[in-house]
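Subject: Structure for your review

Dear colleague,

Please find below the structure that I am handing over to you. My findings follow after it.

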Amino acid sequence: MRLWAFTCLGLVLAAASPSGDTFQTGDWQGRANFNGEGVFTDCTILMPDPEQTTVGFVMTHSSDLGMIVADPVLKLKPGEQKPTLVHVEGIDSVAAMADVVADNGVLIPIESGSPLARAISEGKEFRVNLPEKEFVLQRPKTGEALEALKSCVESHRGKDRVEL
């Protein structure tokens with residue numbers, strides 16, 4: 001998981017990719033990511049929030065899923081891990097160790113197809129508790145964003161990109 005967490009950081013910090021590697025659904029913006037050798041690694045989709053909290057998801061070529069939460073109030077040390085609790089009303093809370101992928105953001109592993117992933121994709125309000133702050137989040141069209149993310153992975157899996 002740590003390896004693809006740093007790929008996510010690359011998405012947040014990198015310049016725009018070629019148009020064939022980007023996609024959009026509603027206000028969600030996504031892209032396919034490649035390592036330094038041009039091998040496809042993952043797809044990421046983000047939705048910045050007017051209140052400064054960015055929520056996103058990353059899915060690896062092997063379909064591992066993670067949720068990104070980034071906010072300027074967070075002052076973190078990239079490379080560390082943070083205990084995290086994610087809660088949706090009516091579903092058991094999920095405890096996880098989140099990878100700190102930027103000085104203001106974490107990547108939280110989520111089991112694909114789990115009750116938590118399904119509830120978030122249905123647009124339910126969810127809480128993310130980090131030692132530094134609790135976030136109460138809800139994003140429209142999250143299910144559509146996760147479907148677009150899955151399609152991105154399926155269309156790029158096994159493909160390499162060579163830039164001349």
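A residue is called buried when its relative accessible area is under 20%. In this predicted model, buried residues make up 48% of the 164 residues in the chain. The accessible surface of the chain is about 8,400 Å², and carbon and sulfur atoms contribute 52% of that surface.

Three helices and ten strands are present in the chain. Along the sequence, their order is α-β-β-β-β-β-β-β-β-α-β-β-α. Among the contacts with a separation of 6 or more, 53% are between residues 24 or more positions apart.

I then turned to the aromatic rings. A pair of such rings is described by the distance of the centres and the angle of the planes. Two aromatic pairs occur in the structure.

One of them joins tryptophan 28 and phenylalanine 57: the ring centres are 6.0 Å apart and the planes meet at 40°, so this pair is tilted. It connects distant parts of the chain, as tryptophan 28 belongs to strand E2 (residues 28-34) and phenylalanine 57 to strand E4 (residues 54-60), 29 residues apart. Both tryptophan 28 and phenylalanine 57 are buried.

Phenylalanine 34 and phenylalanine 40 also form an aromatic pair, with 5.9 Å from centre to centre and 70° between the planes, an edge-to-face arrangement. Phenylalanine 34 has a relative accessibility of 15% and therefore counts as buried. Phenylalanine 40 counts as buried because its relative accessibility is 3%.

Yours sincerely,
A colleague

Conventions:
Residues are numbered from 1 along each chain as its sequence is written. This is a predicted model: local features need pLDDT of at least 70, side-chain atom pairs count only at pLDDT 80 or more; totals for chains, interfaces and linings use all residues. Side-chain values use heavy atoms; hydrogens and water are left out. Rings of Phe, Tyr and Trp (its six-membered ring) pair if their centres lie within 6.5 Å; planes under 30 degrees apart count as stacked, over 60 as edge-to-face and the rest as tilted. Helices (H or I, at least four residues) and strands (E, at least two) are DSSP runs, numbered from the N terminus. Buried means under 20% relative accessible area, exposed over 50%, partly exposed in between (1.4 Å probe, protein chains only). Contact means heavy atoms within 4.5 Å. Accessible areas come from the Shrake-Rupley method with a 1.4 Å probe; for residues, only the protein chains shown count as cover.
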